[in-house]
Amino acid sequence: MLLEGKIAAASINEFLKREVSVLLESGKRPPHLAAILVGEDGASKTYVASKIKNCAEIGFKSSLINLHEKTDINELLSVIQTLNQDTGVDGILVQLPLPNHIDEQKIIEAISPDKDVDGFHPVNAGKLVQGLASFIPATPYGIMLMLEHYNIETKGKHAVVIGRSNIVGRPISILLSGNSNPGNCTVTICHSHTRNLVELCQHADIIVAALGKPEFVKADMVKNGAIVIDVGITRVPDASKKSGFALKGDVDYASVAPKCSFITPVPGGVGPMTIAALMKNTF
Ligand code: NAD
């Protein structure tokens with residue numbers, strides 16, 4: 001069965017739309033997300049534009065702050081400081097990756113943990129590890145919301161997560177291993193130095209592929225009936241497309257899908273759920 005992120009995200013958006021009207025009826029203002037984009041990276045521009053569009057669709061206020069590629073770190077820090085202090089702003093996100101001359105970690109740590117809707121601040125990451133209420137990074141949160149939406153039983157299952165980034169791999173491994181529903185999985189986290197990755201995947205009930213290598217997960221790595229969550233999005237040159245590229249996931253969908261009980265498509269799987277989760281965090 002296809003796990004359609006678009007459909008699950010639409011139901012979250014509908015819920016949030018209703019919640020916004022309740023806020024407005026009680027005389028309160030709508031949630032306000034401020035997004036900062038530094039430079040002209042095509043993929044980043046597209047991601048930020050989708051987030052801003054989603055805000056408009058559900059009645060959130062949003063502000064997009066476009067900064068020049070050569071913006072220095074102090075200027076960016078001062079913009080963040082202003083947003084931190086602005087009581088009319090609820091959530092702040094800085095679209096990553098940043099240009100090489102800016103230290104990303106310094107920027108992440110400059111955002112007030114109370115407005116850190118991307119959940120990358122060490123305070124939120126630490127709370128997540130301890131199972132405390134926190135902002136959960138949008139992609140892993142979106143995956144959990146999708147499992148919940150489709151009522152997928154995860155308890156006791158063996159989940160293999162490929163990738164250990166702070167944005168996806170590590171937080172999803174923590175969430176899936178948590179004492180929660182969805183959750184309660186036995187989790188193996190794999191990375192570029194894992195020796196027996198194929199064998200580990202072959203024993204997985206759930207595979208979360210988040211390594212950024214197009215079509216890396218092949219049919220011979222997946223057991224029959226597995227649940228496969230494909231997080232990867234890579235732009236691969238494709239002359240037949242108007243844009244000049246096609247979006248590829250980390251899973252070889254054509255060969256893997258027939259073996260799965262559930263699988264996410266790319267695009268239309270984890271991507272829309274990531275935005276829906278960001279909206280939930282902002283709300
Ligand atoms: P990253 O580059 O920060 O991390 C990749 C991880 O994969 C690393 O931990 C690395 O150790 C591991 N890895 C690399 N090669 C490997 C190999 N051969 N075997 C095992 N592990 C390997 O990437 P990221 O930010 O976590 O993103 C991963 C992918 O997910 C990318 O394609 C990215 O575009 C996509 N992504 C999608 C969404 C979404 O909304 N759908 C959001 C975030 C990231």
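Predicted model: local features only at pLDDT ≥ 70, side-chain atom pairs only at ≥ 80, totals over all residues.
Q: How far apart are the end C-alpha atoms of helix 3 (residues 73–85)?
A: Helix 3 has 13 residues. At 1.5 Å a residue, they should span 18 Å. The end C-alpha atoms agree with that, at 18 Å apart.

Q: Within what arc do the buried residues of helix 3 fall, seen down its axis?
A: The buried residues are Leu76, Val79, Ile80, Leu83 and Asn84. They line one face of helix 3, because the arc that holds them is 140°.

Q: Which exposed residues does helix 3 carry on the face turned away from its buried side?
A: The buried residues of helix 3 pack against strand 1 (32–38), strand 2 (61–67), strand 3 (91–94) and helix 4 (104–110). The face turned away from the buried side carries exposed residues: Asn74, Thr82 and Gln85.

Q: Are the rings of Phe60 and Phe283 stacked or edge-to-face?
A: The whole structure holds one aromatic pair. The ring centres of Phe60 and Phe283 are 6.4 Å apart, and their planes meet at 20°. Planes under 30 degrees apart count as stacked. So the pair is stacked.

Q: How many residues apart in sequence are the parts that this pair ties together?
A: Phe60 lies in the loop between helix 2 (42–58) and strand 2. Phe283 lies in the segment after helix 10 (270–282). The parts tied together are therefore apart in sequence by 223 residues.

Q: Is Phe283 buried or partly exposed?
A: Buried means under 20% relative accessible area, and exposed means over 50%. Phe60, at 6%, is buried. Phe283 has 37% relative accessibility, so Phe283 counts as partly exposed.

Methods
Residues numbered from 1 in each chain as written. Heavy atoms only, no water. Helix = DSSP H or I, 4+ residues; strand = E, 2+ residues; numbered from the N terminus. Expected span 1.5 Å × (residues − 1). Buried < 20%, exposed > 50% of the residue type's maximum accessible area, 1.4 Å probe, protein only. Arc of directions from axis to C-beta. Contact = heavy atoms within 4.5 Å. Phe/Tyr/Trp six-rings, centres within 6.5 Å; stacked < 30°, edge-to-face > 60°.
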